[in-house]
Amino acid sequence: MNTPSHFASALPSERDMRLIRRKAARMRADHLRSLLGRLTAFLKGRTADLNPHRLEGGRAAG
């Protein structure tokens, strides 16, 4: 029987694989940017709380 395989026809083409890889790379970059932004915000918040100019009686002002 020489019928075409349904599995082989379901595989993505080389063009589709390039698009998938590009999208995956974009998603990874966005995720890393988000994590770095959150880490930066956390560290800035922590250092702002430790800034002696913001302290009132041993507590952070606010």
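## A first look at a predicted helical chain

R21 counts as partly exposed, because its relative accessibility is 47%. The side chain of R21 meets that of E14 in a salt bridge, with 3.9 Å from N to O.

Let us step back to the whole chain. Its secondary structure amounts to two helices and two strands, which follow one another along the sequence as α-α-β-β. Helix α2 covers residues 14–50.

How far can you trust the picture? The average pLDDT of the protein chain is 78, and 60% of the residues score at least 70. Among the elements, helix α2 has the highest mean pLDDT, at 90, while strand β2 (residues 59–60) has the lowest, at 53. Where pLDDT is low, the predicted coordinates should not be read in detail.

What share of the 62 residues is buried? The answer is 0%. The protein chain exposes about 6,000 Å², and carbon and sulfur atoms supply 60% of that area.

Now back to the charged side chains. Side chains of opposite charge can pair when their charged atoms come close. A search of the whole structure turns up three salt bridges, and here they are:

| Salt bridge | N to O distance |
|---|---|
| E14 and R21 | 3.9 Å |
| R15 and D16 | 3.9 Å |
| R33 and D30 | 2.6 Å |

R15 is exposed, because its relative accessible area of 54% is over the 50% cut-off.

R33 is exposed, with a relative accessible area of 55%, whereas D30 is partly exposed at 43%.

Which residues gather in a patch of positive charge? They are R18, R22, K23 and R26, and K23 has its place in helix α2. The other patch is nonpolar: L36, L39, F42 and L43 make up about 400 Å² of surface. L36 also belongs to helix α2, and L36 counts as exposed because its relative accessible area is 54%.

Technical notes. Residues are numbered from 1 along each chain as its sequence is written. This is a predicted model: local features need pLDDT of at least 70, side-chain atom pairs count only at pLDDT 80 or more; totals for chains, interfaces and linings use all residues. Side-chain values use heavy atoms; hydrogens and water are left out. Patches are made of residues with over 30% relative accessible area and no salt bridge: like charges are joined within 9 Å, nonpolar side chains (Val, Leu, Ile, Met, Phe, Trp, Tyr) within 5 Å. Accessible areas come from the Shrake-Rupley method with a 1.4 Å probe; for residues, only the protein chains shown count as cover. A salt bridge is a side-chain nitrogen of Lys or Arg within 4 Å of a carboxyl oxygen of Asp or Glu. Lys and Arg count as positive and Asp and Glu as negative; His and the chain ends are not counted. The place of a charge is taken as NZ of Lys, CZ of Arg, CG of Asp or CD of Glu. Helices (H or I, at least four residues) and strands (E, at least two) are DSSP runs, numbered from the N terminus. pLDDT is the predictor's confidence in each residue, from 0 to 100. Buried means under 20% relative accessible area, exposed over 50%, partly exposed in between (1.4 Å probe, protein chains only).
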